[in-house]
Amino acid sequence: AVLGMGITRDWEKKTITISQGGFARKFLKDFGFAVESGRRVDSPLPSGCKLGKYDGEASTESIEWFRRFAGCLQWLCISTRPDLS
């Protein structure tokens, strides 16, 4: 693995495949979105959840969590998953 990417070469088909499955699974697990084997989760929010304007101030911890989350997601988008952008 190079930079969290799995690289596979198929000599017969003359292709090279880049995958970040391991990074994506770790990313989801680290941020509390772990998907159980065979179970797909479309949203971490409960069905029917109503969101409203937040009038308070974000904590240092939540700002840091969001920055890390956005950075990891950006890494996936830039390197091998442009469909996520």
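**Entry 1: Secondary structure.** I looked up the elements of the protein chain and found 2 helices and 2 strands. I noted that the model is a predicted one. Reading from the N terminus, I recorded the order β-β-α-α.

**Entry 2: The chain as a whole.** I checked burial next: 8% of the 85 residues of the protein chain count as buried. The protein chain exposes about 7,600 Å², and I noted that carbon and sulfur atoms supply 56% of that area. I then turned to contacts between residues at least 6 apart in sequence; of these, 48% join residues at least 24 apart.

**Entry 3: Helix H2.** I located H2 at residues 60–79, a helix of 20 residues. From its first C-alpha to its last I read 29 Å, close to the 28 Å expected at 1.5 Å a residue. Which residues of H2 are buried? I listed Phe69, Leu76 and Cys77. Seen down the axis of H2, these buried residues fall within an arc of 100 degrees, so they line one face of the helix. I recalled the general rule that an α-helix has 3.6 residues a turn, so residues three or four places apart point the same way. I also asked what the buried residues of H2 pack against; the partner is helix H1 (21–30). On the face of H2 turned away from the buried side, I found the exposed residues Thr60, Arg67 and Ile78.

**Entry 4: A nonpolar patch.** I examined a nonpolar surface patch of about 300 Å², made by Ile7, Ile16 and Ile18. I placed Ile18 in strand E2 (residues 15–19).

Key:
Residues numbered from 1 in each chain as written. Predicted model: local features only at pLDDT ≥ 70, side-chain atom pairs only at ≥ 80, totals over all residues. Heavy atoms only, no water. Helix = DSSP H or I, 4+ residues; strand = E, 2+ residues; numbered from the N terminus. Expected span 1.5 Å × (residues − 1). Buried < 20%, exposed > 50% of the residue type's maximum accessible area, 1.4 Å probe, protein only. Arc of directions from axis to C-beta. Contact = heavy atoms within 4.5 Å. Patch = residues over 30% accessible without salt bridge, like charges linked within 9 Å, V, L, I, M, F, W, Y side chains within 5 Å. Areas by Shrake-Rupley, 256 points an atom, 1.4 Å probe, with all protein chains shown as cover. Salt bridge = Lys/Arg side-chain N within 4 Å of Asp/Glu carboxyl O.
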